[in-house]
Amino acid sequence: MQSNNGFFGKYGGSFVPETLIPVLEQVAFAFEELKKDSLFNSQFEELLLRFAGRPTPITYAEGLSEECGCDIYLKREDLLHTGAHKINNTLGQCLLAKHMGKKRIIAETGAGQHGVATAAACAKLGLKCEIYMGKLDMERQRPNVERMRLLGAEVISVNEGAGTLKDAVNFALRDFVANVETTHYVIGSVVGPHPYPEMVAYFQKVIGEEARDFFKNDLPDTVVACVGGGSNAIGIFQAFLDTDVSLIAVEAGGKSDKMGEHARTIGLGDDGILHGSFTKVLSDKYGQILPVHSISAGLDYPGIGPQHAFLFESGRVFYGYVNDSQAVYAFKKLSEKEGIIPALESSHAIGWVLENKDKLAGQKVLINLSGRGDKDMESVREYL
């Protein structure tokens, strides 16, 4: 999706400290120039092909299709190197940083997949890597913490706040402000100030392009993806925005609709500013950001990308939700029916299809399986 000077409708922009404005302008200029650079594009495509493992296949889910009464296909981002769609964006941004002459990369991570993907990209491209991660997320995603360290990254525990993704982003932004001359901040989703939402969407659009090419002119009736910040959903939705395909984004319903027990930014949020962007957020009447919860660390975020806020307001995308128990049920169901263990994030998309199978009867449904679930085994075991 192309922004209008950093805005998608009324959403987006750069609401950041003055010290960050010059570096964001520098990143935006470099991004626009490198998009047109044949050397950069050939290097990026080679990394996606030879290192990340693109293109990813589309799998027909026969057992799940039979149970739901519709034809279900899975876009297999779980088969990428490091286990999720995040590697598409980290390779793009780290390559951009290298072309800009930056030597140090920082990133935030919740579920750990973005952190692992950033660490892998930095190792491949010879860049120093430091990852901010909330204390709670480090505890529930311990395998990914060890993977990041093995890949040469320093993982920095964030003990303030709830110890989750929002707090990790806060610390990463402070670091970026203090070290703008030497450092590039690799944001993991379509959130943050311009040009990040547009840039991340650009590097993730390969998901939807491959999917549309697979189906040719016989397009699916419905495309479903989970949404926290929203990068995997934007990645697959972009290729279908100009069609009449129904697009469904699934938020984290958590435990209940009570404050602090869900992450339903679109469903229960309002307009506000978070991490440098005007978008939909979960906040109180004074504008203070509320605590959130999801069994899925990657959806545990009180905001959403400005593209999604715009797509919701325009009515082009429907935003539903699935609670923790429904996501865990879907996690088990796909594992048992298809021999594929999905990430808890992706399980929300699967859960929505299971809950709405009567509405989808006879349809062709494409689910973006954004990551694999080996990282979530302990979380599911504890929940059960």
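Is Phe215 buried or exposed, and what is its relative accessible area? Phe215 is buried, with a relative accessible area of 6%; buried means under 20% relative accessible area, exposed over 50% and partly exposed in between, with a 1.4 Å probe and protein chains only.

The model is predicted: local features need pLDDT of at least 70, side-chain atom pairs count only at pLDDT 80 or more, and totals for chains, interfaces and linings use all residues. Residues are numbered from 1 along each chain as its sequence is written, and side-chain values use heavy atoms, with hydrogens and water left out.

Of the 384 residues, 61% count as buried.

The secondary structure comprises 16 helices and 14 strands. These are DSSP runs numbered from the N terminus: helices are H or I of at least four residues, strands E of at least two. Six strands form an open sheet with mixed pairing, in the order 3-4-14-9-10-13; two strands pair if DSSP finds at least two bridges between them. Strand 3 (58–60) and strand 13 (317–323) are the edge strands, each pairing on one side only. The twist averages 25 degrees from one strand to the next. Strand 10 (residues 246–254) runs parallel to strand 13, joined by 7 bridges. Glu251 has Tyr321 of strand 13 as its bridge partner.

Helix 10 (residues 206–215) packs on the sheet and touches strand 3, strand 4 (71–76) and strand 14 (364–369). Its direction makes about 140 degrees with that of strand 4. Axes are lines fitted to C-alpha atoms, for helices over the stretch in contact, and angles run from 0 to 180 degrees between N-to-C directions.

The structure holds 13 aromatic pairs. Rings of Phe, Tyr and Trp (its six-membered ring) pair if their centres lie within 6.5 Å; planes under 30 degrees apart count as stacked, over 60 as edge-to-face and the rest as tilted. Tyr73 and Phe215 are edge-to-face, with centres 5.4 Å apart and planes at 85 degrees. This pair links strand 4 to helix 10 across 142 residues. Tyr73 is also buried. Phe214 and Phe215 form another edge-to-face pair, 4.9 Å centre to centre and 85 degrees between the planes. Phe214 is partly exposed, at 43% relative accessibility.

Methods:
Contact means heavy atoms within 4.5 Å.
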